[in-house]
Amino acid sequence: MNTIYNPRKSDWNSILKRPTKTLIEIESIVKEVFDEVSIKGDIAIEKFTKQFDKATLKTMLVSETEIITAINGITEELKQAIALAKNNIEQFHAAQKTEKIKIETTEGVSCWQEKRAIQKVGLYIPGGTAPLFSTILMLAIPAKLAGCEEVILCTPPDSNGDINPAILYTAQLCGITKIVKVGGIQAIAGMTFGTESIPQVYKIFGPGNQYVTVAKQLATQYNVAIDMPAGPSELLVVADDTANSAFVASDLLSQAEHGADSQVILVSTSKEMISAVKKEVYNQLDKLPRKEIAELAIENSKLIYLENDIEALELINEYGPEHFIICVENEDYYINNIMNAGSVFVGNYTPESAGDYASGTNHTLPTNGFAKQYSGVNLDSFMKAMTFQKISPTGIKNIGRAIELMAEAEGLQAHKNAVSLRLQSLTETM
């Protein structure tokens, strides 16, 4: 890990740079897949599934038999763990429901706001070496609570054309009835355009690698919304001498094992803590089954010493981490002043893993600095706020003249006429 002491502010941008490929390197591949899927549908999907996932499929849709087999293949202990997580996530997201807001802005002018579910949503669940069945809980639960009419799930198959049983079990537990064996760029393209097997959706959710992230961004050019740009995972920990170095190291490694393009950073006001954490990272790294992946991520990672909390927080806000862990004596300073973070974890006994699985908060979060302008997934992510208004004769009299004057000033005579005719009709009936 690269240790940096008191970096100059002019160097922060280069120090905090993410280890991501340039858009140009990825975009051409994504566009090629999108173009072919838009024209050839399932034929293109099958081609790219064979090319990228090394799988030849008889059908892309998961069968009832496969789901039953998956249910029987999951241990009761794991089922209970998933049930606990599901309960906590449901509680937290159900608490986010809001009531209709209604107000009379002027006598006779009623305005109100109601929320409606997005009718068709697509959930992307990464597979591969780390099948993220926990992400199904994070996406399917709020989708169902919101009342989305159609929820489809896409996840990549292994080379045998199979889906990890924990993914299938969790999907059926959450009420997902349409599960498609397709991953990567082609999954996003399929949900964007719709194919013979994949329904077209209005909004796509879910994390993924850099190719999936670019694919989701390209989908927005075809009138499909996305949750946020959510690419390779990242974590920043701020720690002082009150932190437990072993705990901090374990948190850094928990994100490093996601992928070689993940990034973890420790910011500390203690040189002793930096030294202790560095030692712990390498001690714990040797015991990890995913050591080779974590090692590559650790190469992209930083240990940064700053002399005081004010500078430390300024750097953290500049970075805008996906996950932010606070392990310092003056935790309130960081809690009250952090502006840019996807999700915040406070105290020595609050590992980032808790948010990934079972505490109740959502783990689908903005990465790559997008925490500066995006929220993580929540109940409202699956809903739209619609406004309504109803104006009585008294109401149009009260605001009509103001509308006429404003419309005339903007040179929009038809807008003015729409009000003038109504006001005139009320005068004639008096």
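The legends below describe close-up views of a predicted model.

**View 1. Six strands form an open sheet with parallel pairing.** The strands follow the order E1-E11-E10-E9-E12-E13. Strand E1 (2-5) and strand E13 (343-346) are the edge strands, and each pairs on one side only. From one strand to the next, the twist averages 15°. E1 and strand E11 (residues 302-305) run parallel and are joined by four bridges. Tyr5 stands opposite Tyr305 in E11.

**View 2. Helices H11 and H13 lie across strands of the sheet.** Helix H11 (residues 271-285) lies across E1, strand E9 (234-239), strand E10 (263-268) and E11, and runs at about 165° to E11. Helix H13 (residues 309-319) lies across E9, E10, E11 and strand E12 (323-327), and its direction is at about 160° to E10.

**View 3. Two charged side chains lie over tyrosine rings.** Lys271 lies over the face of Tyr305, at 5.2 Å from the ring centre. Arg18 lies over the face of Tyr319, where the distance to the ring centre is 3.7 Å.

**View 4. Helix H9 (residues 210-219) is mostly covered.** Eight of the ten residues in H9 are buried, among them Val212, Val214 and Leu218. Gln210 and Lys216 also belong to the buried set. The buried residues of H9 pack against helix H2 (23-40), strand E4 (120-124), helix H8 (184-193), strand E7 (203-205) and strand E8 (225-226). At the start of H9, a side-chain oxygen of Asn209 comes to within 3.0 Å of the backbone nitrogen of Tyr211.

**View 5. Phe34, Phe193 and Tyr222 form a cluster linked by ring pairs.** The model has ten aromatic pairs. The ring centres of Phe34 and Phe193 are 5.7 Å apart and the planes are at 75°, so this pair is edge-to-face. Phe34 in helix H2 and Phe193 in helix H8 are 159 residues apart, and the pair links distant parts of the chain. Phe34 is buried, with a relative accessible area of 0%, whereas Phe193 counts as partly exposed at 22% relative accessibility. The rings of Phe34 and Tyr222 have centres 6.2 Å apart and planes at 35°, so this pair is tilted. Tyr222 lies in the loop between H9 and E8, so the pair ties together parts that are 188 residues apart in sequence. At 35% relative accessibility, Tyr222 is partly exposed.

**View 6. Lys79 is a buried residue in helix H5 (residues 76-94).** Lys79 counts as buried because its relative accessible area is 14%, and the limit is under 20%. Leaving aside residues up to four places away in sequence, Lys79 touches Ile71, Ile74 and Tyr169.

Notes: Residues are numbered from 1 along each chain as its sequence is written. This is a predicted model: local features need pLDDT of at least 70, side-chain atom pairs count only at pLDDT 80 or more; totals for chains, interfaces and linings use all residues. Side-chain values use heavy atoms; hydrogens and water are left out. Buried means under 20% relative accessible area, exposed over 50%, partly exposed in between (1.4 Å probe, protein chains only). Helices (H or I, at least four residues) and strands (E, at least two) are DSSP runs, numbered from the N terminus. Contact means heavy atoms within 4.5 Å. A polar contact is a pair of N or O atoms within 3.5 Å; within protein, one must be able to donate a hydrogen and the other to accept it, and residues adjacent in sequence count only if both atoms are side-chain atoms. Two strands pair if DSSP finds at least two bridges between them. Axes are lines fitted to C-alpha atoms, for helices over the stretch in contact, and angles run from 0 to 180 degrees between N-to-C directions. Rings of Phe, Tyr and Trp (its six-membered ring) pair if their centres lie within 6.5 Å; planes under 30 degrees apart count as stacked, over 60 as edge-to-face and the rest as tilted. A charge sits over a ring if NZ of Lys or CZ of Arg is within 6 Å of the ring centre and within 35 degrees of the ring normal.
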